[in-house]
Amino acid sequence: MHVTPNSGEAIGAPPPDEAYANAPDLRCEMHQVLAVGAERDGRQAGPVTGPSADATAAERAWLLRRAALMDRMVLDDPGPGPVAAAAETAEQLVQHDRRHPDLVAGPYHPDAITLAPGHGLYVRQEYAAWTAAGRPGI
């Protein structure tokens with residue numbers, strides 16, 4: 001596997017303001033992500049329309065939105081708690097994408113981005129590509 005240089009510019013990862021330009025405001029996104037998580041875990045009834053036709057894509061969309069939300073929160077508060085939470089949620093997205101590489105939306109697979117402590121660049125790449133593709137899976 002080709003490994004890219006250790007910088008965001010070298011991999012074409014968008015800066016946060018570009019990656020999250022079309023993201024809902026933090027409060028709204030937090031509410032939506034928590035609601036989807038509660039439905040996913042069975043703590044809340046799901047939508048009347050029933051489960052998504054593609055559960056794997058829906059799971060990925062939830063993981064991506066959660067990782068992006070935490071990445072955005074770190075930008076506001078780069079303390080150890082938010083940084084650890086962002087790293088954990090990003091790692092869950094990376095693990096999912098390793099199992100389902102066909103769902104990777106951006107040009108680089110997570111293992112091609114070597115620097116990313118916390119995989120923030122990967123999350124930004126994937127969120128930008130996901131929104132550009134019309135937010136599939138939700």
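## Helix α3 against helix α4

Helix α3 (residues 26-40) packs on α4 at an angle of about 145 degrees, and their axes are 10 Å apart. Axes here are lines fitted to C-alpha atoms, for helices over the stretch in contact, with angles running from 0 to 180 degrees between N-to-C directions. Helices are DSSP runs of H or I with at least four residues, strands are runs of E with at least two, and numbering starts at the N terminus. The crossing of α3 and α4 is left-handed, a term used if the near helix is turned anticlockwise from the far one by less than a right angle (right-handed if clockwise).

On the α3 side, the contact uses L26, E29, M30, Q32, V33, V36, G37 and R40, and α4 brings E59, W62, R65, R66, L69, R72, M73 and D76. Contact means heavy atoms within 4.5 Å. By class, these residues are 7 nonpolar, 2 polar and 7 charged. Nonpolar covers Ala, Val, Leu, Ile, Met, Phe, Trp, Tyr, Cys and Pro; charged covers Asp, Glu, Lys and Arg; the others, Gly among them, are polar.

## About the model

This is a predicted model, in which local features need pLDDT of at least 70 and side-chain atom pairs count only at pLDDT 80 or more, while totals for chains, interfaces and linings use all residues. Residues are numbered from 1 along each chain as its sequence is written, and side-chain values use heavy atoms, leaving out hydrogens and water.

The protein chain has 6 helices and 0 strands. Of its 138 residues, 41% are buried, where buried means under 20% relative accessible area, exposed over 50% and partly exposed in between (1.4 Å probe, protein chains only). Among contacts with a separation of 6 or more, 68% join residues 24 or more positions apart.

## Helix α5 and its partners

Helix α4 (residues 55-76) also meets helix α5 (residues 80-99): their axes come within 8 Å and cross at roughly 155 degrees. The two are therefore roughly antiparallel. For such labels, angles under 35 degrees count as roughly parallel, over 145 as roughly antiparallel, 65 to 115 as roughly perpendicular and the rest as oblique. The residues involved include L63, A67 and M70 in α4 and A86, A90 and L93 in α5. The contact of α4 with α5 has 11 nonpolar, 4 polar and 5 charged residues.

The axes of α5 and α6 come within 10 Å, crossing at roughly 65 degrees, and these helices are therefore roughly perpendicular. Here A90, L93, V94 and D97 of α5 meet Y122, V123 and E126 of α6. This contact has 5 nonpolar, no polar and 2 charged residues.

## The nonpolar core

Which residues touch the most other members of the largest nonpolar core? They are Y20, L93, V123 and Y127, in a core of 19 residues. Such a core is a set of buried Ala, Val, Leu, Ile, Met, Phe, Trp, Tyr and Cys residues joined through side-chain atoms within 4.5 Å. Helix α4 gives the largest share, 7 residues. Leaving aside residues up to four places away in sequence, V123 touches Y20, L64, A67, A68, D71, A90 and L93.

## Two residues to look up

E18 lies in helix α2 (residues 16-19) and counts as exposed at 53% relative accessibility. Its C-alpha atom is 9.9 Å from that of Q125, 107 residues apart along the chain.

R135 sits in the segment after α6. Its phi is near 60 degrees, a positive value in a residue other than glycine. Most residues other than glycine have a negative phi.
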